[in-house]
Amino acid sequence: MKRFLPLLFVFLMLLQPVSALNALEKLDQNQTYLCICIRGDATLRNWTPPWNPFNDSSIQKVYVIMPYNETHVWTISYSPSGAKTEKPDQYYSNTPRIPFNITDWNLSKVLKEYQWGVVNYLPNISGKFSAGEWEKGHWNSTIEKWNMIITSNHLKITLHTFTCGGSGECDEYITFECWRERKNITCKWGKPVFKAYPNVPPIGTPPKSSPSREKAVCGLGIIAGLAVLPVLTLLKSRRNALKDD
């Protein structure tokens, strides 16, 4: 039975809908890139991780950054609807500086090691963490969103679960990373991560008033109270007089 489960998982993956966006079809093998980013919504796959992050039904955006000039880079984005936007953007210091071609990466090796982990690693993760306990099956059935970033020497896929529900109070994710040095490529699955952000208020929480505004409001309240006090006293005395009559 245990040997049958991985085969069943692969079979179910193959039954998924045809990809809405094939990232590799949008990339020119001869083009020089600075960074490639692929973003996906795993809810489209019933909370399962993407089987092929380069060509999968959950891909929602493909961003490409290419050299332009000394002060700007050229950015292109693609969406499943066929929309394409391209424009020069200001060159920021955190933009990767080393150009590369997509053929520099042995993507078949990367995909093989990634898919091995989807079948054999993710379903079997278990253990306790700061906010609870991970049960087997959690990491291949709760993925909400994912993204992949490729630079000249680093490829990183991050799978986020729906545990924190986009509240901003915490984040739960796991990574698959590859490093390239010339033709030598090494890949590794990371350990699951749960991060809590206790100082971040939940989404929808109204902003707190600033101390200066609170003081101003309190000051106005005191002044208004002092102004109304004589009127209230006068009304009270008149009511008492009517009762006596």
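Two strands are taken to pair if DSSP finds at least two bridges between them. The legends below describe close-up views of a predicted model.

**Figure 1. Pairing of strands β5 and β6 in the predicted model.** Strands β5 and β6 run antiparallel and are joined by seven bridges. Within this pairing, W74 stands opposite P88 of β6. The two strands form a hairpin, with five residues lying between them. In the turn, G82 adopts a positive phi of about 100°.

Figure 2. Leaving aside residues up to four places away in sequence, D89 is in contact with T71, H72, V73 and T75. The C-alpha atoms of D89 and I65 are 9.2 Å apart in space, although 24 residues separate the two in sequence. The relative accessible area of D89 is 23%. Because buried requires a value under 20% and exposed a value over 50%, D89 is classed as partly exposed.

**Figure 3. The second largest pocket.** This pocket has a volume of about 220 Å³. Its lining comprises 13 residues, of which C37, Y63, V64, I65 and T75 are the closest to the pocket centre. Strands β2, β4, β5 and β6 each give two or more residues to the lining. One of these central residues, T75, is also among the residues touched by D89.

**Figure 4. The largest nonpolar core.** The core contains 45 residues, and the members that touch the most other members are I38, W105, L155 and L159. Two or more residues are supplied by each of β2 (35–41), β4 (59–67), β5 (72–78), α3 (107–120), β9 (143–150), β10 (154–161), β11 (170–181) and β12 (184–189). Helix α3 provides the largest share, namely six residues.

**Figure 5. Contacts of the core residue L159.** Residues up to four places away in sequence are not counted in this view. The partners of L159 include P49, P50, Y114 and L122. Further contacts are made with W139, I143, K145 and W146, and also with E172, Y173, I174 and W189.

Figure 6. Of its 245 residues, 35% are buried. Among contacts between residues at least 6 apart in sequence, 57% join residues at least 24 apart. The chain exposes about 15800 Å², and carbon and sulfur atoms supply 56% of this area.

Technical notes:
Residues are numbered from 1 along each chain as its sequence is written. This is a predicted model: local features need pLDDT of at least 70, side-chain atom pairs count only at pLDDT 80 or more; totals for chains, interfaces and linings use all residues. Side-chain values use heavy atoms; hydrogens and water are left out. Buried means under 20% relative accessible area, exposed over 50%, partly exposed in between (1.4 Å probe, protein chains only). Contact means heavy atoms within 4.5 Å. Accessible areas come from the Shrake-Rupley method with a 1.4 Å probe; for residues, only the protein chains shown count as cover. A nonpolar core is a set of buried Ala, Val, Leu, Ile, Met, Phe, Trp, Tyr and Cys residues joined through side-chain atoms within 4.5 Å. Helices (H or I, at least four residues) and strands (E, at least two) are DSSP runs, numbered from the N terminus. On a 1 Å grid over the protein atoms alone, a cavity is a set of points where a 1.4 Å probe fits but cannot get out, and a pocket is an open set with protein on both sides within 12 Å along at least five of seven lines; lining residues have an atom within 4 Å of a point. Grid points are joined across faces, edges and corners, and a volume is the space filled by probe spheres set on the points.
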